[in-house]
Amino acid sequence: MNSSENLVRIAQLSCGAEYSGIQAEIDSAAKQVNAVIVYPEIDIKDIENIEEEFGLKVASSDLKLLMARAKSIVTGKVHVDAVFVATCFRCAEAAIVRSEVRRYIHEKTGIPVISYSFTERTTAGTLLTRMEALTTTARRKSLLAREKQSGLTAGIDSGSTTTKAVIMKDNKIIGKGWVPTIKVLESAEEAYNAALKEAGVKREEIQALGTTGYGRFLVGDHLKADLIQEEITVNSKGAVYLADKQKGPATVLDIGGMDNKAISVMDGIPGMFTMGGICAGASGRFLEMTAKRLGVGITELGALAMKGKQEDVKMNSYCIVFGIQSLVNSLAAGSTPEDVAAAACHSVAEQLFEQQLQEIDVKEPVIMCGGTSLIEGLPKAVEELLKVKVIVPDNAQYIGAVGAALLVSGFIRPRI
Amino acid sequence: MKVFIYPTNSLILSDLVERFGHEPLAVMQEISKRVSNPGLDSPPMNITPEDPKIGLKYAAVEVPSGVRGRMALNGPLISKAEAAIIVRDPVVSFGCMGCARTNELVNFLIRAKKIPILDLDYPSSEEEAKEFVFKISQFLKSLGQGEKK
């Protein structure tokens with residue numbers, strides 16, 4: 001991150017953060033992305049009247065304070081660039097307020113807003129990607145408005161499971177590389193070289209390079225990237241670009257190897273988003289383990305799931321350990337591998353639906369991306385749960401690398 | 001006597017208890033132990049992630065961390081309490097802990113102690129306010145000779 005970039009003012013609307021002992025972590029994450037946390041000013045009268053004005057009655061006065069602060073942002077009493085809404089995990093009253101306040105600010109102001117439910121274990125590291133995406137959306141709207149790639153650029157997506165690289169020229173993908181992530185730098189080099197080879201260009205000819213994904217800082221520093229960007233904004237761009245849905249609303253879903261992202265996008269710019277990363281049972285890793293147990297490659301799991309019926313397999317748990325055990329028990333009880341594959345896809349889709357899609361407004365088109373979107377059973381399971389058509393664009397697994405190559409074309413400058 | 005007050009950060013209640021020669025048990029005492037960096041834009045409390053863990057003594061792990069963190073402040077006060085004054089439905093400016101669930105738990109735990117308790121509704125008129133103060137004074141006097149700190 002560039003510390004010379006504009007300071008972003010993030011309004012913190014929260015209940016319980018200081019008493020959970022995580023305020024220092026929030027401040028630290030904000031500082032790392034050159035942002036400052038502010039608390040919108042309100043009068044005591046605002047708190048007394050807010051239930052009537054907002055239309056939501058709550059028992060906790062800190063939640064009334066939270067709503068009053070939201071109102072002071074919406075009415076323009078205070079100026080902020082972004083909003084962070086956070087409340088305690090497992091508090092039902094707070095969850096209702098958090099969700100409604102997030103929607104209220106998003107709809108009334110268009111200011112980027114994220115919400116988060118924390119525990120005392122929440123760290124600055126957990127919050128960093130979210131804060132980075134929030135500040136990028138606030139700070140770089142012009143960059144994110146880019147709809148076409150120009151020149152000769154490269155993008156590398158250093159993910160937790162796989163590393164992807166693409167070379168783009170004049171708005172077309174001309175080279176691709178895809179390798180499992182083993183050693184972050186070596187895997188990045190390997191994927192990059194493969195993409196360069198396929199494109200038939202030399203590394204020194206690349207006019208600008210962008211990196212994203214878990215290893216973005218390491219890879220970006222190593223390859224002297226022009227843009228190092230978190231995956232929320234990059235994937236949003238990549239998804240609407242590849243699906244050719246750059247205008248209007250869209251919902252981007254990315255079930256990754258380690259975490260999931262659900263992003264509500266408007267004109268290619270993320271508005272609301274959630275990132276899950278607590279449970280491996282809701283990630284691509286679960287599908288990888290299922291494939292291994294079924295004795296098929298991960299690329300074959302999707303086709304298998306398409307032929308099965310998830311209803312015929314009883315899943316007792318979402319957990320990566322006990323869920324797999326349920327699948328093993330089902331196989332032992334005579335279930336077919338097809339049904340088990342379908343049940344595994346359904347389990348992951350159901351968790352995405354229950355834990356993350358409740359936090360954003362799902363608007364069509366729904367675009368699924370990332371490597372897991374190629375496991376056909378998964379988009380199908382999401383379609384069944386959401387009752388909408390899910391789009392999986394071509395090259396969906398390269399979404400991050402394409403997004404990075406597209407965005408970085410705004411940084412083209414002579415390279416020495 | 002050590003008198004627990006609710007709302008636990010009510011300056012008025014704390015002052016009244018002290019005036020009648022007793023020791024108020026107010027959350028300000030616990031917060032003052034944790035003050036590290038008073039500032040305009042940051043909460044002036046140095047509560048760490050350890051506090052919600054201390055709060056596990058009063059509430060189970062499935063209870064939100066904010067409740068447990070607040071209980072790390074309130075719990076020790078409740079343990080020390082020999083009497084209590086509880087004001088029902090006060091306005092925010094009279095004092096509050098911000099979280100309704102914490103309030104419920106604090107109220108339950110203090111009542112479970114079976115110590116002398118004065119329950120009062122928050123006054124809504126000047127007449128009621130006079131009666132409010134009078135009842136508190138009578139209660140505090142009834143607790144016997146307090147030891148002034």
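## Basis of the model

This is a predicted model: local features need pLDDT of at least 70, side-chain atom pairs count only at pLDDT 80 or more, and totals for chains, interfaces and linings use all residues. Residues are numbered from 1 along each chain as its sequence is written, chains are lettered from A and ligands numbered from 1 in the order in which they are written, and side-chain values use heavy atoms, with hydrogens and water left out.

## The interface of chains A and B

Chain A brings 24 residues into contact with 26 residues of chain B. Contact means heavy atoms within 4.5 Å. About 2000 Å² is buried between the two chains, and carbon and sulfur atoms give 59% of it. Buried area is the accessible area (1.4 Å probe) that two parts lose on being put together, summed over both. Of the area that chain A buries against chain B, Y19(A), R90(A) and E120(A) supply 36%, more than any other three residues.

The rule also finds 3 salt bridges across this interface. A salt bridge is a side-chain nitrogen of Lys or Arg within 4 Å of a carboxyl oxygen of Asp or Glu. E120(A) and R68(B) meet through their side chains in a salt bridge, at 2.9 Å from N to O. On the side of chain A that touches chain B, α2 (44-54) and α3 (61-74) of chain A each supply at least two residues. Helices (H or I, at least four residues) and strands (E, at least two) are DSSP runs, numbered from the N terminus. α3(A) gives the most to that side, with 3 residues. The residues on that side divide into 11 nonpolar, 7 polar and 6 charged. Here Ala, Val, Leu, Ile, Met, Phe, Trp, Tyr, Cys and Pro count as nonpolar, Asp, Glu, Lys and Arg as charged, and the others, Gly among them, as polar.

## R70(B)

R70(B) sits in helix α4 (residues 65-80) of chain B. R70(B) is buried, with a relative accessible area of 0%. Buried means under 20% relative accessible area, exposed over 50%, partly exposed in between (1.4 Å probe, protein chains only). A polar atom of the R70(B) side chain lies 2.8 Å from the backbone oxygen of M97(B).

## Inside chain A

Helix α4 (residues 92-109) of chain A has 18 residues. From first C-alpha to last, this helix reaches 26 Å, close to the 26 Å expected at 1.5 Å a residue. The expected span is 1.5 Å times one less than the number of residues. Buried residues of α4(A) include E93(A), R98(A), R102(A) and Y104(A). Just after α4(A), G110(A) takes a positive phi of about 75°.

R216(A) takes part in a salt bridge with E132(A), at 2.6 Å from N to O. The pair links distant parts of the chain: R216(A) is in helix α8 (residues 216-222) of chain A and E132(A) in helix α5 (residues 124-139) of chain A, 84 residues apart. Both R216(A) and E132(A) are buried. The side chain of R216(A) also meets that of E231(A) in a salt bridge, at 3.4 Å from N to O. R216(A) lies in helix α8 of chain A and E231(A) in helix α9 of chain A, so this pair ties together parts that are 15 residues apart in sequence. R216(A) has 4% relative accessibility, and E231(A) has a relative accessible area of 5%.

## Inside chain B

Chain B has 6 helices and 4 strands. Their order along the sequence is β-α-β-α-α-α-β-α-β-α. Of its 149 residues, 48% count as buried. Among contacts in chain B between residues at least 6 apart in sequence, 65% join residues at least 24 apart.

D15(B) and R19(B) meet in a salt bridge between side chains, at 2.8 Å from N to O. Both lie in helix α1 (residues 11-19) of chain B, 4 residues apart, about one turn of the helix. D15(B) is partly exposed, at 34% relative accessible area, whereas R19(B) is exposed, at 62%. Elsewhere, salt bridges that share partners join R88(B), R111(B), D119(B) and D121(B) into one network.

Definitions and conventions. Polar contact = N/O pair within 3.5 Å; in protein donor to acceptor, adjacent residues only side chain to side chain.
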